[in-house]
Amino acid sequence: MGKLSWLAGTYIGAVVAAAVACIAFGSYAGVDWSAVAILGLLLVACESTATLLRPRKVAWSPSSAAILASVVLAGPVGAAVVGACTMFGLRRGPSPVQRAFNTAMYALSAFGAGEVYLLLGGKVGMPGPSSFPGIIGPFAGAAVTHVLVNFSLVRGVLWVTGSSDGTGQSGRGGLNVRLLLSDLGYCAYGLLIAALWSVLGPFTPVLVLVPLFVARWAVAQFAAQQRAYEATVSALCQAVETKDFYTRGHSERVSRGSVMIAREIGMRGERVEAIRYAGMLHDVGKLGVPTQVLQKTGKLTDDEYAAIQLHPMRGLDIVREIGFLDEALAGIMHHHERIDGRGYPMGLAGDEIPEFARVLAVADAFDSMTSTRSYRGARPVPEAIAELRRWSGTQFDPAFVDAFVAAIERDGWTGPDTAAAPHGRATAAAHDHDDPTAPLRTIG
Ligand SMILES: [Fe+2]
């Protein structure tokens, strides 16, 4: 959140003012201050240890459990005070304005949840066995209110600031709904805390939430590992594109195209992720090809052509020890095989070629054709599709050509940004080993 517009300032100011009014003018009758203090501390702990998820800006916190427990134990105003404890969270990162907004948002959503709880017949105080199942309806209403108020206020602030929610979606477009659904799940822990309070007292939050914190810790480790993977793949990709600036952006687009095919054919999640890496790294073996060969503007000699044909093997040599690449390695090694057996490096045919490699081959050739080369301009998408169909069954697996075409016709395709090409060099090299329209060449 940079410098605020008047609209954003007014919006945030109004949210903060509404939260202050709820706490200042609400009814404090029957508020259990010891529960408020303990749950406030719990909320501070949750906020201070929020788990950073893969989209870098989104942090995950089980604060909803503390807030919903306070709705039952301390009523609307008590819950709003617990929500306002967000301001004491020790997590670094939020600016003072963000912190003020978050605090007000949690206070307001807690207050709203408390009011709905009362409205639906919920009783404030420690629930006993006789409170069930009657308490479930009012509690569910409170939980939904809490999540919806949060959702609306966050959407509002993203909209007025025009910022992103950290998932790549525009603030004016959407918000991570899955994150909010997980929030709704945490709300259920709130009822558990409230229900056990009469037996375990202040130790309840600890006993209920310890398993949750352990699970979050595991998720945080996983997220950190994923970020390390991303960094590794990006660094290798960057190295290839620094060396072969002629095909800048190609790896990312091949990755995107491969994922489109993978999703179209119903590949399961982990394999889609692996093929994304395979697309990014399919030409990593170019690091082992002499730069003057990659950037040569004239006709390649047989030796130079042979050096380029070695890049799938070189690629495998470079990344074979990277454990998480797993099935991606087969894609990197065989992405220039052809269905008719006339490809390289092994001359595999048909189903002998690993599935990843057959997928990559389609996306790779398509991106090459829709990119500008020194010996031809970028082909329009319909023309490149026609070319894929022409080579379907000889060079490409027909099933993956069909899948790619279906995905492109439905979702479209964003080709390279020609304006972003390196000055004077974008069309320098005279050879593109990915171009299916280039004549097939064998080394004698
Ligand atoms: Fe290649």
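Me: Which residues are linked with R379 in a network of salt bridges?
Reply: R379 is in a network with E383, E387 and R390. Keep in mind that this is a predicted model.

Me: How many salt bridges does the structure hold?
Reply: The count is 20.

Me: What does E327 form a salt bridge with?
Reply: With R271, and the closest N and O atoms are 2.6 Å apart. This pair links distant parts of the chain, 56 residues apart: E327 sits in the loop between α12 and α13, and R271 in helix α9.

Me: Is R271 buried or exposed?
Reply: Buried, because its relative accessible area is 16% and the limit for buried is under 20%. E327 is partly exposed, at 28%.

Me: Which residue does R276 form a salt bridge with, and where do the two lie?
Reply: R276 pairs with E273, with 2.8 Å between the closest N and O atoms. Both are in helix α9, three residues apart, which is about one turn of the helix.

Me: Moving on to R256. Which side chain does it meet in a salt bridge?
Reply: That of E252, at 3.5 Å from N to O.

Me: How accessible are R256 and E252?
Reply: R256 has 28% relative accessibility and counts as partly exposed. E252 also counts as partly exposed, at 40%.

Me: What ring does R256 lie over?
Reply: The face of W413, with R256 at 4.8 Å from the ring centre.

Me: Now aromatics. How many pairs are there?
Reply: Eight aromatic pairs. One of them is Y277 with F324, which is edge-to-face, 5.2 Å centre to centre with 70 degrees between the planes. That pair links distant parts of the chain, 47 residues apart: Y277 is in helix α9 (residues 269–281), F324 in the loop between α12 (311–319) and α13 (328–334).

Me: Is Y277 buried or exposed?
Reply: Buried, with a relative accessible area of 4%.

Me: Which aromatic cluster is Y277 in?
Reply: The one that Y229, Y277 and F324 form.

Me: Last topic, helix α4. How far does it reach?
Reply: Helix α4 (residues 96–119) has 24 residues and reaches 34 Å from its first C-alpha to its last, close to the 34 Å expected at 1.5 Å a residue.

Definitions and conventions. Residues are numbered from 1 along each chain as its sequence is written. This is a predicted model: local features need pLDDT of at least 70, side-chain atom pairs count only at pLDDT 80 or more; totals for chains, interfaces and linings use all residues. Side-chain values use heavy atoms; hydrogens and water are left out. Rings of Phe, Tyr and Trp (its six-membered ring) pair if their centres lie within 6.5 Å; planes under 30 degrees apart count as stacked, over 60 as edge-to-face and the rest as tilted. Helices (H or I, at least four residues) and strands (E, at least two) are DSSP runs, numbered from the N terminus. Buried means under 20% relative accessible area, exposed over 50%, partly exposed in between (1.4 Å probe, protein chains only). A charge sits over a ring if NZ of Lys or CZ of Arg is within 6 Å of the ring centre and within 35 degrees of the ring normal. The expected span of a helix is 1.5 Å times one less than its number of residues. A salt bridge is a side-chain nitrogen of Lys or Arg within 4 Å of a carboxyl oxygen of Asp or Glu.
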